[in-house]
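Colleague: Could you take me through this structure feature by feature, giving the general idea and then the case here?

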Amino acid sequence: MRVESYNTLAEAARAMGPDAVFMAGGTLVMRDVNAGTSAGRVVRSADPALTEIRATGDGFSLGSGVTMARVLAHRDLAFLAPVARAVGGPQVRNMATIGGNIFAHHPYGDFAVALLALGARVVLAGQGGAKPLDDLLRERGRSGGTSPIVASIEVPRPRDPRAFGFVKVSRIKPKGVSVMSIAVNLPRDGGRMRGARVAFGAMGPAPLRASAVERVLEGQSLDAATIARAAQLASDGLDPPTDALASAWYRREVAGTHLRRLLEKMERG
Ligand SMILES: Cc1cc2nc3c(=O)[nH]c(=O)nc-3n(C[C@H](O)[C@H](O)[C@H](O)COP(=O)(O)OP(=O)(O)OC[C@H]3O[C@@H](n4cnc5c(N)ncnc54)[C@H](O)[C@@H]3O)c2cc1C
């Protein structure tokens with residue numbers, strides 16, 4: 001096992017290869033290191049850009065190394081606080097990064113679900129421009145988990161904080177892992193939902209958009225009839241796994257109920 005530390009992200013990106021794993025907070029990588037199943041080289045970077053939090057015109061640019069604890073402590077990121085608080089216990093939140101959460105395997109990835117619903121974009125180290133998180137998560141599925149290093153994440157601020165909702169369903173409170181997590185972003189224009197985004201975690205190999213639900217919500221007002229139709233289609237197109245927490249059948253059965261409760265709570269304001 002060889003640990004390599006680089007001052008800049010560009011150097012770390014150049015050092016990556018099939019025999020290397022990038023380590024951020026290490027809450028998952030260190031498990032593999034301790035179990036002796038990690039890649040031969042662990043690559044780290046102390047680049048200050050990794051921990052930067054910057055306001056942009058319509059949202060925030062967050063370094064991928066920003067931890068859940070820092071999200072919780074940042075006043076302007078209050079809309080993400082319930083999501084960060086849902087990740088593990090205090091020790092985990094002190095180390096766990098938002099970049100690592102994008103690559104965390106099932107049933108982890110609660111923060112990534114919220115980023116997906118918010119329409120976040122990712123900037124890859126050594127590559128110009130940002131691309132949708134949707135694309136990165138799809139590519140991650142195809143490549144079996146490997147990816148270039150994510151440098152930062154651009155997170156749009158919800159126009160109205162009440163338009164964004166998140167729930168994590170777990171069996172052990174408050175620190176249990178997800179039976180599922182759901183994030184919903186419902187921008188409204190004249191009372192009608194425009195550009196609705198709904199994402200589920202632990203309902204597939206990576207966080208997924210619920211496209212059928214989004215189509216039902218689009219252009220509608222958030223009322224009881226629309227919520228009922230959305231709940232009926234909650235698990236459409238999702239591919240929940242069976243694990244020690246719940247079977248695929250159970251996850252499909254309860255997805256509609258949890259989505260309905262979240263939407264009803266948002267309807268009440
Ligand atoms: C006790 C415990 C409880 C947990 N509870 C939860 C929970 O409730 N919800 C939840 O979502 N997660 C949970 N986790 C999982 C994990 O802590 C989080 O998902 C965390 O955000 C992972 O971030 P990290 O920085 O620790 O990742 P690391 O362990 O450093 O890395 C994880 C993976 O991501 C890759 N990676 C990291 N950063 C980048 C980057 N910038 N670019 C490209 N690849 C990268 C690594 O190469 C590795 O494959 C828990 C873990 C533990 C040990």
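Colleague: Is Ala202 buried or exposed?

Modeller: A residue counts as buried under 20% relative accessible area, as exposed over 50%, and as partly exposed in between, with a 1.4 Å probe and protein chains only. Ala202 has a relative accessible area of 5%, so it is buried. Please keep in mind that this is a predicted model, in which local features need pLDDT of at least 70 and side-chain atom pairs count only at pLDDT 80 or more, while totals for chains, interfaces and linings use all residues. Residues are numbered from 1 along each chain as its sequence is written, and side-chain values use heavy atoms, with hydrogens and water left out.

Colleague: Where does Ala202 lie, and what is its phi?

Modeller: Most residues other than glycine have a negative phi, and most peptide bonds are trans. Ala202, however, has a positive phi near 65°, and it sits in the loop between β13 (197-201) and β14 (208-209); helices (H or I, at least four residues) and strands (E, at least two) are DSSP runs numbered from the N terminus. The peptide bond from His106 to Pro107 is cis, with omega near 5°, and Pro107 belongs to the loop between α6 and α7.

Colleague: Which side chain reaches the backbone oxygen of Ala202?

Modeller: A polar contact is a pair of N or O atoms within 3.5 Å; within protein, one must be able to donate a hydrogen and the other to accept it, and residues adjacent in sequence count only if both atoms are side-chain atoms. Here the side chain of Arg251 reaches that oxygen of Ala202 at 3.2 Å. Arg251 is part of helix α11 (residues 248-268) and counts as buried because its relative accessibility is 0%. Contact in the wider sense means heavy atoms within 4.5 Å, and, leaving aside neighbours within four places in sequence, the residues in contact with Arg251 include His106, Ser178, Met203 and Asp243.

Colleague: How many residues of helix α7 are buried?

Modeller: In helix α7 (residues 110-118), 9 of the 9 residues are buried, so the helix is largely enclosed by the rest of the structure. Among them are Asp110, Phe111 and Leu118, and just after α7 comes Gly119, with a positive phi of about 75°.

Colleague: Which residues come nearest to the ligand?

Modeller: A residue is near a molecule if one of its heavy atoms lies within 4 Å of it. There are 30 residues around the ligand, and Phe22, Thr27, Thr97, Asp110 and Lys168 come nearest. An oxygen atom of the ligand is 2.5 Å from a side-chain N or O atom of Thr27, and for the backbone, an oxygen atom of the ligand lies 2.7 Å from a polar atom of Gly25 and one lies 2.8 Å from an N or O atom of Gly109. The largest share of the shell, 4 residues, comes from α6.

Colleague: What are the domains of the protein chain?

Modeller: Domain bounds come from an automatic or database domain assignment, which gives domain 1 (2-32 + 47-156) and domain 2 (161-268). Their centres, taken over C-alpha atoms, are separated by 23 Å, and the contact takes 21 residues from domain 1 and 26 residues from domain 2.
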